[in-house]
Structures are given as structure tokens and as C-alpha cells.
Amino acid sequence: MKKKVLKRMFSVLLAGTMMATVLTGCGNDGGNTTSGDSQQSTPQESSAQPSGDDAGTESESQGETGQSDEWIADREIVLHAYVDDIYNALPDDQVNSPVFKEIKERTGIQLKVQFTPGESNKATLAAQLAAGTIPDAIVCYLNNSARPEFPLLYKAAKDGLFADISEYIPNSKVYSKYMEDGYLPNDTYKNIVFREDFDGAVYLLHLGVDEVDRSMIYNPDEEYIGGPYIQKSIVDALQIDPTSVRTSEDFYNLLVKIKEGGFKDDNGNDVIPLGPKYWGGSVDAMGFDFRGLIWGVSDDYNMDENGEIYHEAETDHVYDLINYVRKLLAEGLIHQEYFTMDETRADELYRSHSCAIIGDVHNYVDIIYESEDWIPLGPLNDLQGDNKTVTSGKGGRGCLAISADAENPEEIFRFFDWLSTYEGQLLTQYGIEGLSYNMVDGMPVLTDEALDHLNKGDEKWMWNNVGAAFGGSGVYLWEFITTNKNNIDNFGESRPGATGGSTFLRSVELATQYPREYKLVEGLGATSYLNSEDMEDVKAQLDLLDYNETLVQAIFAKDDAEVKSIIESFRAQLKAAGVDKFKEKLKEIYNEDPKAINFYR
């Protein structure tokens with residue numbers, strides 16, 4: 001398949017070379033723009049440029065009279081973002097924010113970002129794709145092809161809503177790297193960008209792909225230490241080592257000790273040993289708090305010791321999990337709203353220290369880094385008796401698609417390609433030289449003023465007075481829509497201000513004091529393979545089932561008989577939905593390539 005894509009792109013290059021030969025000597029009216037490189041004067045030049053033969057085929061930009069070679073076109077590009085974090089962190093005035101103005105001056109492009117509030121980003125995306133009302137380009141969440149957004153994007157691409165951008169990729173500054181062997185994650189290459197059933201066309205560009213795979217390298221400066229956190233005062237009072245809590249039995253015994261300890265919250269009430277995740281009640285927290293009891297490690301599926309694939313609900317492991325949680329509830333060791341509490345109440349719960357353990361939070365949440373009240377617990381072992389953090393390797397986090405109805409889609413493509421060059425990333429991450437950063441020994445260093453606002457968490461200043469991403473603390477748009485990320489090599493730090501900032505000092509300290517180890521488990525979640533055409537009927541039925549809801553119903557059942565009835569009913573629903581056909585599909589995929597599905601075997 002890859003050979004077919006490369007062959008088509010080589011043909012495009014050859015055709016372009018022949019056309020250039022025909023046009024030689026025909027003159028230039030100065031009004032047209034062509035693709036070309038921006039000049040780089042940094043040691044990182046190679047990171048943003050095509051290498052080998054690709055580099056030699058790229059033409060220099062003619063630009064418009066008086067414009068730099070970064071010039072693309074004098075136009076507006078309307079981008080619809082189906083990403084809450086982008087909408088919640090935009091300048092009040094997109095036109096006059098310094099970074100937006102600088103982009104306009106250098107490229108000619110005025111970017112206009114739209115967002116439509118709705119029930120969810122996915123629901124809004126589905127409605128607008130169905131109506132065909134997308135503007136020049138769209139971006140949405142998409143860490144891999146298993147995301148629920150992907151079937152919507154896939155159908156829209158097949159229905160002709162998106163422009164085919166395959167001919168622009170070989171001559172691009174950054175996206176040409178997507179053609180290099182081993183650059184893209186396997187899922188990104190095969191299932192998103194260069195899909196075989198697109199027959200050589202490219203409609204979807206995966207965003208946020210790292211230039212260098214550091215997924216197995218532990219760097220405290222940028223690590224998110226997630227999972228349960230415990231009040232340090234309780235750790236000190238019980239004289240325990242929080243890292244020694246490894247098994248479900250260890251965790252249970254700790255909860256009992258906390259309950260027997262008679263600890264009080266800020267209001268004088270008894271402390272509940274275990275609370276929900278910081279962002280509100282959810283089944284998700286069980287993956288951290290009851291990790292050793294979670295058998296279905298790949299979207300609720302796994303393979304047993306005999307090589308047979310099952311949904312977790314089809315095994316007796318589901319009863320081990322349910323009975324464990326029911327025991328915690330019966331003994332008052334877990335908050336009754338562990339699964340249902342809203343985010344506002346959960347925040348209040350932990351700010352008053354009403355639970356000893358936060359079910360799930362991380363070191364970059366203000367309740368953690370603004371005090372020394374909480375420290376990481378565990379991490380607990382998984383079903384293999386291993387407490388390492390699982391990583392599937394290099395990945396992405398978003399998707400870009402250009403409308404088939406957009407005017408001059410090549411200009412839109414070139415603009416997003418430019419944003420991911422060294423110059424584009426320097427501007428969008430650090431802002432304007434002399435305003436928010438200065439170059440020191442070839443690397444950008446935030447000014448004292450910018451660093452002060454960053455440390456204070458002054459988002460409005462970062463949005464309106466600069467307009468840069470600052471590693472996601474400012475205008476998140478730029479953090480989301482760029483790719484080929486390599487901040488350490490390009491800018492000397494994992495994110496702007498990381499080497500001099502104080503806001504997240506404790507976040508880094510916690511990551512240093514409580515390091516994690518990684519284990520690589522390659523492959524996609526099992527349900528990503530429901531997106532194949534021969535699984536459409538099964539997917540339609542399985543999508544109607546809610547295993548998480550079933551678990552919660554069973555956990556709160558009145559007795560063991562009702563628990564069994566709920567699980568047996570769900571098993572029957574799985575059967576009727578065609579789960580056996582799906583499991584056979586998974587087995588075929590696994591037998592062909594054991595790394596295709598992220599089972600722990």
C-alpha cells in the first residue's frame with residue numbers, strides 16, 4: 001500500500017517538474033504565489049525541512065512584491081475548531097493580538113477561528129458534517145483512529161466533503177516528513193493519513209506528531225503523574241510509604257487504616273477514605289484505583305492464556321471487580337458518588353480535604369502544584385503484577401481536514417504546513433522577539449515580564465498581549481494545530497518557561513520524587529477495528545451498549561442475584577450485537593500482527 005502512495009506522489013513530483021520546464025521563459029506577472037521554503041537561520045534547520053531528494057525538488061517562493069518568502073496569500077482562512085480547549089483560550093480580538101498580526105504580516109493569512117457550543121464536540125462535529133456546513137478547514141480531537149470522531153471524519157472523507165491534499169505533501173516543508181519510513185505511528189499511517197481505501201488520496205492530517213519518539217524516556221520536566229493522590233498529612237500520621245501500595249489488597253488495607261484513623265476534614269467532618277476523580281465522578285478512575293482488577297485492557301477486551309479473545313463482561317473477572325467495589329461501598333471506604341459527582345462538587349470536596357485520596361488527578365492541576373497537601377499514591381499494579389505506565393509509543397492528538405469547497409486549498413495546506421516549521425513554532429509558542437522572548441545563545445528565553453505573567457497564570461495577558469501558546473498555558477490553538485514537535489532540540493526546553501518558571505515547580509518536583517517507569521504495549525485499542533467496512537453492522541449494534549453503565553448498575557445492585565442478572569443480561573446483549581463475529585476479526589488481525597492490538601500478552 002505504501003508503495004502505491006509513494007508512486008502516486010512521485011508522479012505528482014514528476015509532473016510538476018515537467019510543467020516547470022514548459023513554463024520556463026514564459027514570464028511572471030508577480031501576482032501569483034507558489035510553494036517554497038522559508039529561510040531558516042537556526043541550528044535546527046533540518047528538523048523542519050524535507051531531507052534527501054525531497055529537499056532538492058522544493059522551489060523558492062516568489063511571494064508578492066515586497067513580501068518575504070514566507071508569504072502565502074492575502075486572504076482569510078476560516079477554521080472551525082471542535083475543541084473546547086481552543087475555544088476557551090482565544091484572544092478577545094483575534095485580528096489585533098500580536099501573534100495573529102505577525103502571522104498576517106509574514107504570510108498574508110488572517111486566521112479566523114470559529115467554535116460552536118453544543119452538547120459535545122463530537123455531537124457538533126457530527127451535525128455540521130451531516131449538514132455540509134464546514135468552512136475552509138476543521139480541526140478536532142483524534143489521538144488515534146479508535147477515537148469516536150474518526151468514523152465521522154472517515155465518512156465525510158468518503159462522501160467528498162474534504163479536499164484531496166496528496167499532491168501538496170511531497171513539496172511541503174513539514175508534512176513531507178509524513179512520507180518518510182517510520183516517521184508516523186503505524187496507526188496514523190495506515191488508518192488515518194494514507195488509508196488504502198482512499199486509493200492514494202489524502203484527506204486527513206494527523207496533528208501533534210512528535211519529530212522524535214521520546215515515549216519511553218522519562219523526563220520529570222514534562223511528565224504528567226496521574227492517578228490517585230493522598231493527603232500528605234495522613235501519610236505522615238499513618239507513617240506509611242505511599243509508593244509501597246501496589247496491590248488491590250494493599251489499597252484496601254490502606255482505606256481501612258484511614259477510616260479507623262478518625263481523620264477530619266476542614267469542616268470537622270469525618271474524612272471519607274476514597275473519593276472520585278478530581279474532574280468529577282467517572283468509571284475512568286477505576287483504571288487507576290482498581291488497576292489490578294481490570295481485565296479488559298484493550299477497550300474492555302483481552303486475550304486469555306489460551307489465546308482466546310473475550311470482552312471482560314464475558315469472563316468471571318468482571319465479578320472480581322464488582323465485588324471489590326461493592327465491599328468498599330458497604331464498609332464506607334469509598335464515596336457514594338464516586339461514579340456520579342459533578343466536577344464543581346468534586347473540586348469543593350478536595351479543597352476542604354473531605355476525602356483522604358483523590359481517585360484520579362495529576363501534578364499539573366492547581367490543587368496539587370499550589371500546595372504541599374497531596375502526594376502521589378502507588379502506582380498500583382496491573383493484572384500482570386506490573387506498576388509501569390503503559391505507552392503505545394509515538395502518537396498524535398488531533399486532526400486537520402480542508403473543505404472540498406474551500407477556495408485554493410493549496411494555500412490553506414501551505415499555511416498549516418508553515419505553522420509547523422521552526423519559524424512557525426517559534427512564533428506561535430514564544431510570541432514576538434523583544435516582546436515576550438529574546439534569543440540567548442541561539443535559544444529563545446522568555447522576558448522577565450512574560451515569565452512573571454506565565455508564573456502567575458495570567459492567561460488573559462498571554463492571550464491578548466502576546467497571543468502565543470506558551471506550551472498550552474496561553475492560546476492553546478497553536479499548541480493543538482502544529483506537528484513535528486521537538487521543543488527540547490529546537491528551543492532548549494520542553495515548553496516555554498520550563499527552565500525558568502516557578503508556577504509548575506512543584507509539578508516537576510513531584511515528577512522527580514515519584515518517578516514512573518514505562519512499558520511499551522504497541523497497537524490500537526480493540527474497538528478501533530470496528531471501523532472497518534466489514535464490521536459496520538456489528539459496530540452499529542455494539543455502539544448501543546454501555547458497559548460502564550452496566551458496571552455501575554451492578555455495583556449498586558441490591559444483592560448478588562441482581563448483580564448476576566445484570567451481567568448475564570449484558571452478555572446476552574453482546575452476543576446479539578455480534579460480538580463473536582468481532583472477536584473472530586480481532587483474532588485474525590492479531591494472528592497476522594500481534595502488535596496490532598494492545599493486549600498485554
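This is a predicted model: local features need pLDDT of at least 70, side-chain atom pairs count only at pLDDT 80 or more; totals for chains, interfaces and linings use all residues.
**Notebook: burial and charge pairs**

I started with helix H14 (residues 409–419), which is mostly covered, with 9 of its 11 residues buried. The buried ones include Phe413, Phe415, Phe416 and Trp418, and I also noted Glu411, Arg414 and Asp417 among them.

The protein has 601 residues, and 54% of them are buried. I counted 24 helices and 15 strands. For contacts between residues at least 6 apart in sequence, 79% join residues at least 24 apart.

Next, salt bridges: the structure holds 33. I looked up a few.

- Lys264 pairs with Asp270 at 2.4 Å, N to O. Asp270 is exposed because its relative accessible area is 52%, and the cut-off is over 50%.
- Lys456 pairs with Asp452, with the closest N and O atoms 3.1 Å apart. Lys456 is exposed at 61%, while Asp452 is partly exposed at 33%.
- Lys583 pairs with Asp580, closest N and O atoms 3.4 Å apart. Both sit in helix H24 (residues 579–592), 3 residues apart, about one turn of the helix. Residues three or four places apart point the same way, because an α-helix has 3.6 residues a turn. I found Lys583 buried at 10% and Asp580 partly exposed at 31%.

I also noted a salt-bridge network linking Arg291, Asp382, Asp386, Lys388 and Lys519.

Last entry: which residues gather in a patch of negative charge on the surface? They are Asp210, Asp213, Asp221 and Glu222. I placed Glu222 in the loop between strand S4 (205–207) and strand S5 (227–231); Glu222 is partly exposed, at 32% relative accessibility.

How values were computed
Residues are numbered from 1 along each chain as its sequence is written. Side-chain values use heavy atoms; hydrogens and water are left out. Patches are made of residues with over 30% relative accessible area and no salt bridge: like charges are joined within 9 Å, nonpolar side chains (Val, Leu, Ile, Met, Phe, Trp, Tyr) within 5 Å. Accessible areas come from the Shrake-Rupley method with a 1.4 Å probe; for residues, only the protein chains shown count as cover. A salt bridge is a side-chain nitrogen of Lys or Arg within 4 Å of a carboxyl oxygen of Asp or Glu. Lys and Arg count as positive and Asp and Glu as negative; His and the chain ends are not counted. The place of a charge is taken as NZ of Lys, CZ of Arg, CG of Asp or CD of Glu. Helices (H or I, at least four residues) and strands (E, at least two) are DSSP runs, numbered from the N terminus. Buried means under 20% relative accessible area, exposed over 50%, partly exposed in between (1.4 Å probe, protein chains only). Contact means heavy atoms within 4.5 Å.
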